[in-house]
Amino acid sequence: VLYTSFRGSPYSIENSEVIDHIRSTLSSYARTSSDGVTFMIGGSPAGLHDYQSLITSKYDTVYALVLVGVFLVLMVLLRSLFTPFRLIMTLLASVVWTIGAYVVVYQIWGGMSTEWLLPIFLFCALMGLGVDYDIFLVSRVREEVMKGLPDEEAIETAVKATGTIITLCGAVMASAFGSMMISSSLELKEFGFVLCFAIILDATVMRLVVVPAIMVLMKKYNWWMPFAG
């Protein structure tokens with residue numbers, strides 16, 4: 001039995017790479033050995049590293065399933081191809097901007113490392129919350145269009161009718177998640193920051209400015225659906 005100590009935190013990215021290097025070196029030795037030697041690495045750092053590797057390797061699958069599922073459901077609900085695509089793009093923009101703000105605040109200014117669950121958690125949480133806000137707005141626009149209003153007037157009416165509610169709902173959710181930032185736990189601070197920032201951004205700038213602007217530009221193409229009767 002060989003015991004190895006790390007320099008610095010055993011859970012850092014650098015020492016996770018050391019675990020892979022040790023395994024690679026020992027595996028190479030085992031392949032050249034004729035004694036049938038088997039090497040195994042134990043300990044909590046190695047166990048956590050394996051767990052993280054297993055989870056993060058499925059991130060792309062989760063992203064694809066969520067995006068395809070959201071698109072198909074919204075395509076059936078809104079009877080449009082462009083609007084679900086636009087919704088997904090604006091939500092992804094919110095995720096990217098939030099990650100950018102997080103990097104500036106916690107990595108550049110704070111010199112901290114990223115919690116490995118944060119990206120997938122933010123993606124799934126914002127997809128769920130952001131879709132609700134967007135459907136609330138877009139369904140009201142569609143109702144006004146079905147009543148005979150021009151697209152510009154329908155969008156203006158919908159924003160006036162739902163803007164305050166969307167903003168207040170976003171403020172409540174942002175306050176609830178933002179309260180985690182007063183915790184002494186770094187992980188909770190990080191999760192609280194990204195969720196609070198993402199919801200405020202999505203419920204104000206994206207839903208009340210960017211989305212209506214895109215819909216005004218696209219007009220009838222917001223409801224474009226091929227082969228629809």
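Colleague: What makes you say that Leu137 touches Ala158, and which other residues are on that list?

Modeller: Contact here means heavy atoms within 4.5 Å. Leaving out residues up to four places away in sequence, Leu137 touches Ala158, Val159, Thr162, Ile166, Arg207, Val211 and Pro212. Keep in mind that this is a predicted model, where local features need pLDDT of at least 70, side-chain atom pairs count only at pLDDT 80 or more, and totals for chains, interfaces and linings use all residues. Residues are numbered from 1 along each chain as its sequence is written, and side-chain values use heavy atoms, with hydrogens and water left out.

Colleague: Happy with that! How do you know that the structure holds zero disulfides?

Modeller: A disulfide is a pair of cysteine sulfur atoms within 2.5 Å. The sulfur of Cys124 has its closest cysteine sulfur in Cys196, 19 Å away, so that is too far for a bond. For Cys196 the closest cysteine sulfur is in Cys169, at 15 Å, again too far for a bond. The count of disulfides is therefore zero.

Colleague: Why is Cys196 called buried, and Cys124 partly exposed?

Modeller: Buried means under 20% relative accessible area, exposed over 50%, and partly exposed in between (1.4 Å probe, protein chains only). Cys196 has 14%, so Cys196 is buried. Cys124 has 37%, so Cys124 is partly exposed.

Colleague: And what makes Glu156 partly exposed?

Modeller: Glu156, which lies in helix H6, has 45% relative accessibility, so Glu156 also counts as partly exposed. The C-alpha atoms of Glu156 and Glu144 are separated by 9.9 Å, with the two residues twelve apart along the chain.

Methods
Helices (H or I, at least four residues) and strands (E, at least two) are DSSP runs, numbered from the N terminus.
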